[in-house]
Amino acid sequence: METVITILSWFCLVTGSAFAIVGGIGLLRLPDFYARMHGGGITDTLGAGLILIGLCLQSGLSLITVKLLLILAFSLVASPTSGYALAKSARTHGLEPWVKKGDHR
Amino acid sequence: MTRLTILRVVCKWMVPFILLFALYVQAHGDLGPGGGFQAGVIFAAGIILYSLVFGLEAGRRAFPPRVAEALAALGILIYAGTGWAGLLVGGWYLDFPALNPHHPAHGQHWGVFSVELGVGLAVASVMTSIFFAFAGRKGTQ
Amino acid sequence: MSRLPTIGDQWIVIPLLVLLVGTAITVIRMRSLMAAVLLTGIYSFLSASWMLLLDAPDVAFTEAAVGAGLSTVLMLATLALTGREAKAPVRRPWGPLLVVLVTGAALVYGTLDMPHYGDPNAPIQLYPSPSYVERTAAETEIPNVVTVTLASYRGYDTLGETTVIFTAGIGVLLLLRGRARRMGAREREKS
Amino acid sequence: MFAVTMVAVLVTMGLALTRAALGPTLFDRILALNMFGTKTVLLIAVVGFLTGRPDFLDLALLYALMNFIGTITVLRFLKFGHFSETEPEPEER
């Protein structure tokens, strides 16, 4: 049982790290602001969520897990909210989404 | 409720937790990192978040500047009063072990707790009133 | 707390410091003041993590609460009263650069004499700290030495600090509110 | 293994910092700041586990809170240009 939990936790940590890096690359490479929000969203929810779940599995049943779950719940609520407010604010400030010009891209 | 409805709903839920976290930091300062100053700043940040999302007027209604100023003075008074309590029971100023002659360690504990409470109150109120004072100025271009 | 620092703790510090320097340079090169405020927030996050790695969670707590949260708010409130763009420098400030470089070199030279991080024979580990650390557990039964040192052993200093915060708050209130009232009175006279 | 996660988080922080430095618009910078804050939370949590001091988690929670408040503040400021309301919000009264 313990091995299963350990393997599961390492799996979560590694995939979370992978998602974090992928999101970071997306933040850097994607063509415009709205597309970059997608990269930011990946790291903030999937990456952070998986890493925190992995840490939870590491710590077992304790106060630490409760705190980690609190952080997880908070970041799962907070980062989509701020992302939503950010996108809305960018839209009202007249930032136009990037569209493909022709097919040469 | 046309603009940023999600933000309003989320903040309405979140502000109580921020204030609760501030109280946790205040009370937990003896055991872990944190203490009065940090708790005061977090409390002020909660109030600031509330007034940013719901408007400055709502923030002023929730935590009136007059009350904030009184609480800031009260915080200092609690700190200094803890010192005087030491004098009253026959010790020195800010002499916490004298507060409980039978168990000096408990006296220390009481003293530290009450002093931290004073710091927390003062910092929270001062930070909030500074924010209100800054934000209340109509941008003079 | 009893654990001695190892090389495992040390290597994390290096990328953090690199990021810190990168942020600082970016802040200097920024012309948009809004962006500079945002990057200052990043700087604050980074320096708080760094303080945490140096085993100072209380300082990191304060830095995170004040630097990343409140000071961003206050700096933006200040930006509302000033412009949003920094003016381009009129001439190259070679003289100040020289002063800064010399001072920096002197400071770096000074650090050569300092004991290594975590050195058990460093003066700070020998003189005041051990007595506080040893006395705290016996005298107060409070685990957090920092809290006890601030609130009890250095109670007078903290009283002074709290009074300073209070006084600063009163000063800001008097300045801003007094001015607002005067301007209001002037507008009433006009009408 | 914690070290791997930490390296990943540090790399992501570097990428976010690059975006914050390059970012053509202000919104890119805000996005990078927000992401940077989240990554700091993760870094603190992982470092806490790596050094065996999970009481750092209070700090991580605080960082998450402050990150959110900072982002909201900046957005609010962008909307009005200052914090005193000139544009009253009718739905509140």
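I began with chain C: of its contacts with a separation of 6 or more, 47% join residues 24 or more positions apart. I count two residues as in contact if their C-beta atoms, placed from the backbone, lie within 7 Å.

This is a predicted model, where local features need pLDDT of at least 70, side-chain atom pairs count only at pLDDT 80 or more, and totals for chains, interfaces and linings use all residues. Residues are numbered from 1 along each chain as its sequence is written, while chains are lettered from A and ligands numbered from 1 in the order in which they are written.

Next I looked up the elements of chain C. I found 8 helices and 0 strands. Helices (H or I, at least four residues) and strands (E, at least two) are DSSP runs, numbered from the N terminus.

I then checked burial. Chain C has 191 residues, and 28% of them are buried (20 or more other C-beta atoms within 10 Å of the residue's own, with C-beta atoms placed from the backbone).

I turned to chain D against chain C. Here 31 residues of chain D contact 29 residues of chain C. H1 (2–22), H2 (26–50) and H3 (57–80) of chain D each supply at least two residues to this side of chain D. H2(D) gives the most, 10 residues. By class I read 22 nonpolar, 8 polar and 1 charged. Ala, Val, Leu, Ile, Met, Phe, Trp, Tyr, Cys and Pro count as nonpolar, Asp, Glu, Lys and Arg as charged, and the others, Gly among them, as polar.

Last, I took chain D against chain A. In this pair, 35 residues of chain D contact 38 residues of chain A. H2(D) gives the largest share of the side of chain D that touches chain A, 12 residues. That side has 25 nonpolar, 7 polar and 3 charged residues.

How values were computed. Buried ≥ 20, exposed ≤ 12 C-beta atoms within 10 Å, placed from the backbone.
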